[in-house]
Amino acid sequence: MDEKFFHVDEKSAQWAIPAPITHRPAVTSPRKKWGRRLALLLAFLCTVHFLSDVKHPRHNGHEGQDHGMLNALMRHAPKKGGVLRGKKAEQLFLSVPDTDSAIAASRVYAGKPHMAGSEGDFDTARYFLEHLQEELQIGHSSSNIPLYSAGSRESREATLSISSLDEPKAWIDVYYPILNSPLDRGLEILGDDGNPVWSAELEEVADETDPYAFKSANAVPTWHGISRGGQAEGKLIYAHYGRQKDFDALVEAGVDFSGKIVLTRYGGVFRGLKIKRAQELGAAAVLVYSDPRDDGTVTVENGYVPYPHGPARNPTSVQRGSVQFLSLYPGDPSTPGYPSYENSTRVEGGSKPTIPSLPISWANAEVLLQRLEDGHEGPTVRLVNNVDEKVTPIWNVMGVIPGHVKSEVVVIGAHRDAWVTGASDPSSGTVSLSEVIRGFGALLKEGWSPLRTILITSWDGEEFGLVGSTEWGEDFSEWIKDHVVAYVNMDTSASGSRLKAAGSPLLAHLLRETAEQIPHPTSEERSLWDARGDSGLLFGEHMNAEIAAMHEDELLAVDSIGVGPLGSGSDYTIFLQYHGVPSTDGGFTSTLHDPVYHYHSIFDSQYWQELYGDPGFSRHVAIAKHIGLQVLRLSGDIILPFNTTHYSIELESYLNNVVSIAATGSYDVDLSPLRGSLHALQSASLELDSAKTKAEHKLRKILKQLKKKHAICRKIRRKIHKACCKLKKIFGKHKCESKDKHEDVERERSHKRPSQRLLKAIQRVQAVNKRLIAFERSFISKDGIKDREWYKHLVVAPGKWSGYGATTFPGITEALTMDKNATAAAYEAGRLKVLIDDLVETIRL
């Protein structure tokens with residue numbers, strides 16, 4: 001022990017020891033008087049100590065989950081008074097996201113091209129890592145980046161130790177998928193003699209009006225990621241949107257696709273499925289173009305000027321993008337179902353096209369369309385698409401905020417890689433996530449820590465086929481199943497005026513409730529949720545009827561809460577469709593009356609974003625608040641905010657859709673047993689709702705009683721502490737411990753020996769949460785969906801021939817609509833019934 005505590009100089013001693021009193025009263029001596037007082041005080045102290053410890057039996061190693069929640073619930077706040085959680089934490093968080101900060105971040109992320117695997121991509125990974133380190137107060141060295149090769153001991157330990165961390169941590173995982181990049185490309189119309197009569201200018205044309213697009217115009221050539229390299233020559237055939245029904249109609253009309261080059265327009269289905277159907281019919285190659293008819297009313301025909309001098313489509317704009325067959329499986333095509341380490345065994349995956357393709361502009365497509373005869377068949381064309389395919393490093397950035405219940409982890413993520421500069425896709429999502437991190441950083445500085453651990457992720461390689469998230473999710477499959485309770489996804493947060501919200505029905509109420517608590521970004525009297533009805537301000541006389549009907553169908557594809565189901569097309573896929581982790585996704589999307597959003601083009605630039613996409617960046621900030629609030633609730637609520645009853649009711653609506661399909665097709669399939677199981681699930685869910693309410697009410701009641709008791713005890717102990725300090729001062733002992741140190745001891749004592757009532761209440765809450773977590777996971781089948789077994793969720797999946805859009809009850813639906821097989825539909829209904837019956841037993845307390 002330090003000797004200075006025992007040293008008393010002469011000056012302090014004069015003040016510490018009272019001077020002798022020369023005239024004493026004839027009553028009791030001071031020594032006896034102080035002795036009695038000290039004895040009484042010691043007796044009082046012992047009594048209080050006994051009373052404060054009584055009925056608090058020592059607990060011997062209760063479960064880690066219980067202990068974590070106990071620590072969180074019994075922990076008093078740092079030095080400033082009340083505990084920083086719940087509404088107080090939310091209010092502080094919501095005050096942080098800022099438009100100036102968002103604009104500054106966007107100018108960094110969208111300032112230069114950063115395609116997956118490029119030098120610019122690695123620069124954005126480092127920037128995101130530094131942002132995490134700064135805001136989460138993680139010690140770091142600029143010369144020693146925590147960069148871990150996937151599969152290495154360091155990479156494995158980084159993720160597997162998340163559930164045991166006590167301090168924030170951040171690092172970069174490097175995966176090694178096979179990606180491709182463009183070499184030489186070409187498109188020509190050939191004359192009867194086989195010589196070119198027209199050659200396309202494949203690159204986009206920009207001027208200095210948009211300095212970002214002008215600077216990056218030739219940085220990333222126009223091509224399709226994961227496309228087949230090679231050359232093709234053949235007659236041109238126009239196939240509209242390239243949907244399955246478009247191809248089928250042409251086949252019925254007698255069109256032979258063998259050796260032909262197919263021209264389709266973007267839209268309707270995922271681009272890769274256009275190529276898939278064409279190759280199945282024997283086509284030699286595919287061209288995909290952007291059609292102004294899909295731009296709604298914002299067209300030159302309606303008097304709008306093309307970008308960058310107006311809001312209409314730039315006729316040279318080209319939509320790059322992956323043509324992987326996403327509805328078969330996402331991720332690195334060469335490592336299906338397992339991670340892409342540097343030394344991983346590679347296979348020739350079935351999700352890659354076997355024929356070449358090219359994306360082209362409207363300016364080029366218009367030339368080809370003018371040469372069509374009878375609207376479908378055209379001249380002979382030659383297409384060249386040579387690519388460089390190789391193992392390419394990509395960088396996932398990870399950051400952890402440890403919670404008290406370390407076995408439960410909430411993940412929030414956005415992808416970072418772009419086709420060019422990507423001010424909307426993906427930088428708007430990255431910027432919103434960046435503002436969320438700033439909000440969490442502000443909370444941490446005030447002593448906050450979440451109830452559950454939060455994992456923040458910046459995915460790479462999403463544009464090539466959800467590669468970064470999929471490889472990580474396949475790498476840590478068991479850890480995700482054991483620990484991840486929910487995933488909040490962010491892709492494009494701002495590309496137009498309408499809010500789109502999608503997610504698991506389990507989280508539909510959370511999506512809506514949090515959006516209703518956030519102000520509308522441009523209209524003070526409304527909420528963010530009201531932006532679901534916004535539709536832009538640019539109107540005109542002419543609009544394509546088919547595209548208007550397609551958009552109307554999209555608006556109607558929501559549940560009773562207003563939330564749409566999740567198919568695929570973004571990083572939630574590995575979580576929901578492979579692991580059964582409930583997920584959400586959302587952001588502001590472009591409508592038929594908004595300035596044209598040049599998706600995956602050089603014109604998705606910072607200049608366009610500040611001028612047309614989100615002037616002032618209020619939408620970026622609103623989305624940051626929305627996703628951040630979701631994570632705060634998911635990581636902070638005592639009972640997980642999962643609504644199983646809404647989900648179970650939605651399941652019956654999915655069944656009703658299937659029944660309607662069967663009736664329309666006159667299929668004889670008995671779905672009544674499945675309906676009976678759904679009714680049993682609804683009943684069990686109502687019982688779980690009651691258990692949720694009772695468990696939380698009981699716990700809060702006990703906490704309120706303990707809070708009152710602890711307040712009385714603290715008051716008594718403070719008085720005792722004060723009295724002891726006076727005694728020490730009188731007897732010249734060393735000075736008292738500081739008030740802060742004394743209160744730290746009291747905080748530690750307050751939950752060292754919790755009552756059995758409290759422990760049982762916490763265990764009841766944990767039992768309820770365990771059943772809530774099991775709900776979505778119960779729809780996962782190890783055998784997966786027929787013909788695409790990677791997708792394991794039997795309730796929802798990306799449509800086999802849509803790619804992005806969701807198909808509910810996919811096994812039954814596709815057996816009826818594609819296989820035309822009632823027996824197969826009955827078999828799929830039986831598979832689903834088994835899962836639901838098991839779930840009924842799982843959630844019953």
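A residue is termed buried when its relative accessible area is under 20%, exposed when that area is over 50%, and partly exposed in between. Trp-472, with a relative accessible area of 0%, is therefore buried in this structure. The structure is a predicted model, and the values reported here are computed from it.

## Aromatic pairs

The structure contains 27 aromatic pairs. Phe-270 and Tyr-804 make up one of them, in an edge-to-face arrangement with 5.1 Å from centre to centre and 65° between the planes. This pair connects distant parts of the chain, its two residues being 534 residues apart. Phe-270 lies in the loop between strand E7 (261–265) and helix H10 (271–280), whereas Tyr-804 lies in the loop between E18 and strand E19 (806–808). With a relative accessibility of 4%, Phe-270 is buried; Tyr-804, at 32%, is partly exposed.

The rings of Trp-472 and Phe-476 form another aromatic pair, which is tilted: the centres are 5.9 Å apart and the planes make an angle of 45°. Like Trp-472, with its relative accessible area of 0%, Phe-476 is buried, at 2%. Both residues belong to a cluster in which ring pairs link Trp-459, Trp-472, Phe-476, Trp-479, Tyr-487 and Phe-575.

## Charges over rings

Rings also take part in arrangements with charged side chains. Lys-169 lies over the face of Trp-171, at 5.6 Å from the ring centre. In a second case, the charged end of Arg-788 is placed over the ring of Tyr-791, at 5.9 Å from its centre.

## Salt bridges

Side chains of opposite charge can pair when their charged atoms come close. In this model there are 44 salt bridges.

| Salt bridge | N to O distance |
|---|---|
| Glu-157 and Arg-153 | 3.5 Å |
| Arg-700 and Glu-696 | 3.0 Å |
| Asp-819 and Lys-786 | 3.5 Å |

Glu-157 and Arg-153 are both in helix H7 (residues 153–160), and because they are 4 residues apart there, about one helical turn separates them. Glu-157 is partly exposed, with a relative accessible area of 43%, while Arg-153 is exposed, at 55%.

Arg-700 and Glu-696 are likewise 4 residues apart, about one turn of the helix, and the helix in this case is H21 (residues 672–730). Arg-700 has a relative accessible area of 46% and is partly exposed. Glu-696 also counts as partly exposed, at 24% relative accessibility.

Elsewhere, salt bridges that share partners join Asp-248, Lys-276, Arg-277 and Glu-280 into one network.

When neighbours within four places in sequence are left aside, the contacts of Ser-106 are Gly-111, Val-431, Gln-606 and Phe-617. Among these, Gln-606 is 500 residues from Ser-106 in sequence, and the C-alpha atoms of the two residues are 7.3 Å apart in space.

Terms used
Residues numbered from 1 in each chain as written. Predicted model: local features only at pLDDT ≥ 70, side-chain atom pairs only at ≥ 80, totals over all residues. Heavy atoms only, no water. Salt bridge = Lys/Arg side-chain N within 4 Å of Asp/Glu carboxyl O. Buried < 20%, exposed > 50% of the residue type's maximum accessible area, 1.4 Å probe, protein only. Phe/Tyr/Trp six-rings, centres within 6.5 Å; stacked < 30°, edge-to-face > 60°. Lys NZ or Arg CZ within 6 Å of the ring centre and 35° of its normal. Contact = heavy atoms within 4.5 Å.
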